[in-house]
Each structure stands twice: as C-alpha cells, then as structure tokens.
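Hi there,

Here is the structure I promised to pass on to you. Have a look at it first, and then read my notes below.

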Amino acid sequence: MSNDARRRWGRILLIVGRIALAAIFLSAAYAKMKPQPGMPWTHGSVHTSLSMFAMGVDSYQMLPPWAVSPFAHLLPPLEFLLGFWLLTGFGLRISGLVSTALICAFVAAMYSAYERGLTISCGCFGPGAQIGPKDLIRDGLLFLPLALAVTIGAFLIHRKSSAPSLPESAPSATHAD
Amino acid sequence: MGVLLYLGICVATSAGAQTAPPAAHSTKPATSATTHAHTATSATAALGSPVKTYGSSSAPITMEVFSDYECPSCRNLFETTLRQMIPDYVASGKVYLIHRDYPLPMHKYGYEAARWLNAAARIGQFQAVEAALYDNQNAWAQDGSIEKYVAAAMSPAQFKRVQSQMRGCGFETAASVKPAALALALGGQAGETCSVDSFIEQDRALGNKIPVQSTPTYVITYKGNRLPAGSGIVSWPILKQFFDSLLSQ
C-alpha cells in the first residue's frame, strides 16, 4: 500500500472514530437531559432530568454535597458540546484529549464505586442497570481505547501534514542514477 | 456554553413538543398499601394488609422505597434522608412515602425483620417499628434479637398482638423460605405458614417487576407517571431539589 493510500485510510478511520466518539457523547448527553415520561421538552423538564441525574451523581458519594448539583447540571451540556466539537473535527487533538480525560474520569469513578461495593446505577446513559464489570469493560476497553485512538490519530496526522515536504527538485533514491 | 444549551433547548422545544413519550409506564400507585393508606392510624380496625406508608396518598409525588432492614445503605437512606423528608415534604402533603420489603438472601436476619415489621404494621405500628429496627440495626444484625427492639417500640398489649401475628413464623432467612410455602401463603390459606410472608412476597413481586437489583431502590411516581428507578443513597438536599423541580412542572 502506498503512503498516499495509507494516509487516506488513516484519515477515513479517524473520521469514523471521531463520529463514533461524538455519537457516544451526544447519546449520553441526550439520555441525561431528555424529559421524564409524560413531560414535554421545556427548560423546566430538562432541569428536572438534570436534577434526577444529580441524584445519580450523589449516589457515587464522591463529591461534596455543594458540588453535586452544579456538576450534574454542567456535565451533560459539556458532553453535548464535546460531541458536536468532535463532529466538526476542528481542533481534534484537543477534543480528543478532553474526551480521553473525561472517559478516564468516568472509568475511575465507576471503578471506585464498584470497589466500595456501592450498588448504584451507572447513570452513564441515564438511569439504568447497576454498575458492574459490564460497564467497566464497556468504558475501559471500548470507549477509552476509541478516544485514545482518535487522539493519537489526530496527533499523527497533524505531525505528518505539518512536516516540511521535500522540494520537488530534490534528488531521491530513484533518481540517484 | 449556556447560550448554546439554551438554543438547543429552544430548538428541541419547538421541534419536539409533540414527541413527549407516551405514558407507557404510567401506573397508579394503587396497591394494597395505597388502598389502605387512610386507615394507617386505625389500629383498632380489623387486621388487613399491613400499612407501611407515611403521608397522604393524594400527594402529587409518590416515593416507593424497596428496602432490606439489615442493609446498611437502607439504614443510611432512612436515617439521613427519609427522616428529614418525613416531617417536611411528607407532612406538608407533597410526598407520599411507601415502604416495600425486599429482603436480600445475603442478610441472615433481613427476612425475619421484615416479618416483624409487617406484623407490627398490621396493628398500625409500622412507623415506630421501622425506626426501632433501623436505629438498632447494628445490634440485632449481630444476634438476631429483633423481637427485643420491636417490643421496646410499643406497649406490652400491642406487642402481644404482634406476637400473635407471628405465630407459625419459624426462623427463616430470605434464601431458605420454601417456594411451596410461599405459594400457600400467597394463596391466602391458613395453616402452617407464616401469615405475614404473603405481604413480603407481594412487595418482592412488585420489586421484581421493576426490577430491583439492589437495596435501597426507590421509584418515584409524579402525577401518575412512574419515573425510572434509582438506587443507593441520595442526600436530602439533592432529593428535595428534585422534588421541587417536579412540583414546579
């Protein structure tokens, strides 16, 4: 495979990877912000859903009480913006780094809750099943490698595209004779 | 970020106003406990289903808590959150609190505690016995001395009535209760089975439908719409904030 073809495939994989990562963050944000059954989409109903998410955050018993509500009201919008940011592909190295850091924090929080024997819902995609190995595997062995791959890919492509190209008149191995 | 979020909500509001999910999970909290809510204080009434509730069933918010009396997290939820909620949002008619039994097989005395509680609840002593069981959980969870704390929570005459409810209830853990005996109890047959087991099993059956995966698990119903179940401990300020948000809808 020529360098050009390899580079083209790399770019395609990077696009697929960042769209998948964006979909994860967008769906996580949507699940946390969507109105509860029987409620229309209004500012109030979104606030209610975020208050419900705050209950899930509180059950992790990791944040001081004053920080629970602000965190729960900021995280889903942040995930939403991060999803859109990844979709645009703009500043992918930074959005990739932010995604990786965020997923690392999620995995650490879940592992901590699991280790402490807390029988709580993950809350990752809205209310759901109890935290267990399945969630840790999903985030640790699927989402985290994906975020890492996108970040590393973004850095590699940036390095290659910013590397000084040889002048066309420069002698190459094939023209040595 | 705030501006973008606001714009997103505005777009969603205009586009999705008609897409509110159908009330598929809409349920009336009409269960045995709910039906008998207004008889909570009538200890002299004929013994029916145990009343394990706080507040008025006409409150806009209903909170059902599935608990195991031997579970430390359940005690924490009761001591740190529900104890603050009861004189505040329950007393003011905003929240109707229902206790549901969900004794876990891992706890040696959890099932036995649930039996005593149901027996006490049948004579209108639920609230006193629930408080006594949680307050003394560390003690009876060591040696199974549940009876002592139940007795201390009521008058001797009341305790005699509770004891009569417990006739036929041998010591069994949740794991050792025989399905055949349960079936008999659920069928309402008088006989060798413990008369209060059927009430515990009714609660467990409700929990299995959710499904309850751990205790405490709480289910909140607002104006007939059942919200997704939550589990674990939630502090009162956070729960209160959620209730306020619901009530402002």
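**Where A:R6 sits**

A:R6 lies in helix α1 of chain A, which covers residues 3-33; helices (H or I, at least four residues) and strands (E, at least two) are DSSP runs, numbered from the N terminus. This is a predicted model, in which local features need pLDDT of at least 70, side-chain atom pairs count only at pLDDT 80 or more, and totals for chains, interfaces and linings use all residues. Residues are numbered from 1 along each chain as its sequence is written, while chains are lettered from A and ligands numbered from 1 in the order in which they are written.

Is A:R6 buried or exposed? A:R6 is exposed, because 10 other C-beta atoms lie within 10 Å (buried means 20 or more, exposed 12 or fewer, partly exposed in between, with C-beta atoms placed from the backbone). Between the C-alpha atoms of A:R6 and A:L142 there are 24 Å, and the two are 136 residues apart along the chain.

**Chain A as a whole**

Chain A has 5 helices and 0 strands, in the order α-α-α-α-α from the N terminus. Along the principal axes, its C-alpha atoms fill a box of roughly 75 × 40 × 25 Å. Of its 177 residues, 40% count as buried.

**Where the chains meet**

Chain B brings 35 residues into contact with 35 residues of chain A (contact means C-beta atoms, placed from the backbone, within 7 Å). On chain B, α1 (2-16), β6 (230-231) and α11 (236-247) each supply at least two residues of the side that touches chain A.

Enjoy exploring!

Conventions
Two residues are in contact if their C-beta atoms, placed from the backbone, lie within 7 Å.
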